[in-house]
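Hi,

Here's the structure I promised to pass on to you.

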Amino acid sequence: MSPADELFQRRAFLTALRTGVALPGPLLRRLLLTVGLTELLLLGGGLTLLVVTSDRDAGIAEIGAVIGAVLAVLLVQAIALRIVLRPTREEQRRRLYIRAKIENVLFAGSLRMAFQPIFRASDGVQVGVEALARFRDPVCSDTERWFEAAAEVGLTQELEMLAVRSALDEAAQLPAPLYLALNVSPSTFISAALRRTLLTGSFPTARVVLELTEHDAIPDYVPVMVCRDLFRAEGITVAIDDTGAGFSSMRHVVTLAPDVVKIDRSLVTKIDVDATQQAMVAAVVAFAHTVGITVVAEGVETTAQLLQLTQLGVDEVQGYLLGPPQRAAEATAPEALLA
């Protein structure tokens, strides 16, 4: 066994130990308190009967009855504790399993990155790529489920930073001037780790686009706006991802005033036939262009969708119709597309 494997196993054991000895919380404490009070009352009642009863044999019989009642209560309590603890233990084991899986990915750095090309709608020239994490797991390779699981066990930032570092490492092969779009949650966006990674790395900050995912609430916009300004000062572009589908939707766009908004694929699926989707996208484009924001539509899979989005004035597009996610080395230089 390699030293790296031994270190991972020790970390997993310590995590299991902490989880195994943890009390299941206030519910168990209340139950144990009830248990103690019930038995004290029964024993106290038995002793009182013994004192006040003049017949010694009757008193002993009454004490025996009390002891029997106490044993019966103990049996009921044991069953109740088992019922209470079983789901808690199962939940602990499930969370421990998830955490161990994610920590294994973090420790091994076993993320594979794919890059989906992004094109300018007006002339079809490739302008950038979006970095997408891919997991090498035979049981579950769904990227969204992995990040949901990481959020459940408090490892969102760690997993996102691994994806950012992996994308930046591979992005060295991207031909200039293609930009690199990176997805980050609000908590990662305001972290010192992200700023340090972007500002001390070799990839040009002027070619970095940070896509702020819109699935999470932002309880306080001030730190996000401060970091937005810090990133902009370094030439980094800030985008709002999944516009029209995430938490608070347009509120993020209005409050944060990003450089780019990305229209969610849910507003693109029927854009060629659905008047409501057309009106929504047209409104987003009109608002964005009024305040100088670039609009990108993702999830383009048919020629009809592409034509409709172009007519509505979308600036950039991406999707399987235009190019699937691929390795960074396979990205095409924009000049080649002009030929």
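Below is what turned up, topic by topic.

First, the ground rules. This is a predicted model, so keep in mind that local features need pLDDT of at least 70 and side-chain atom pairs count only at pLDDT 80 or more, while totals for chains, interfaces and linings use all residues. Residues are numbered from 1 along each chain as its sequence is written, and side-chain values use heavy atoms, with hydrogens and water left out.

**Salt bridges**

Let's start with charges. Side chains of opposite charge can pair when their charged atoms come close. A salt bridge here is a side-chain nitrogen of Lys or Arg within 4 Å of a carboxyl oxygen of Asp or Glu. How many salt bridges does the structure hold? The count is 10.

One of them pairs Arg-99 with Glu-103, with 3.2 Å between the closest N and O atoms. Both residues sit in helix H3 (residues 56-108), and they are 4 residues apart, about one turn of the helix. Arg-99 has a relative accessible area of 25%, so it is partly exposed. Glu-103 has 10%, so it is buried.

Another salt bridge joins the side chains of Arg-120 and Asp-123, at 2.9 Å from N to O. Arg-120 is partly exposed because its relative accessible area is 34%, and Asp-123 is partly exposed because its value is 43%.

Then there's Glu-130 with Lys-262, where the closest N and O atoms are 3.0 Å apart. Glu-130 lies in strand S2 (residues 126-135) and Lys-262 in strand S6 (residues 260-263), so this pair ties together parts that are 132 residues apart in sequence. Glu-130 and Lys-262 are both buried. Which residues are linked with them in a network of salt bridges? The network is made of Glu-130, Glu-211, Lys-262 and Glu-298.

Ala-176 and Pro-177 are joined by a cis peptide bond, with omega at about 5 degrees. You'll find Pro-177 in the loop between helix H5 (156-171) and strand S3 (179-184).

Asp-242 isn't a glycine, yet it has a positive phi of about 55 degrees. This residue belongs to strand S5 (residues 237-243), and Asp-242 is buried because its relative accessible area is 9%.

Ala-257 also has a positive phi, near 45 degrees, and is a residue other than glycine. Ala-257 is in the loop between helix H9 (250-256) and S6. With 37% relative accessible area, Ala-257 is partly exposed.

**Two helices crossing**

Now turn to helix H10 (residues 275-290) and helix H11 (residues 303-312): their axes come within 10 Å and cross at roughly 40 degrees. That makes H10 oblique to H11. The axes are lines fitted to C-alpha atoms, for helices over the stretch in contact, and angles run from 0 to 180 degrees between N-to-C directions. Under 35 degrees counts as roughly parallel, over 145 as roughly antiparallel, 65 to 115 as roughly perpendicular, and the rest as oblique.

Two pairs to find for yourself. Thr-294 and Asp-315 are 21 residues apart in sequence, with 6.3 Å from C-alpha to C-alpha. Thr-294 is in strand S7 (residues 294-297) and is partly exposed, at 26% relative accessible area.

Ser-166 and Met-113 are 53 residues apart along the chain, and their C-alpha atoms are separated by 6.8 Å. Ser-166 is part of helix H5, and at 11% relative accessibility Ser-166 counts as buried.

Cheers

Key: Buried < 20%, exposed > 50% of the residue type's maximum accessible area, 1.4 Å probe, protein only.
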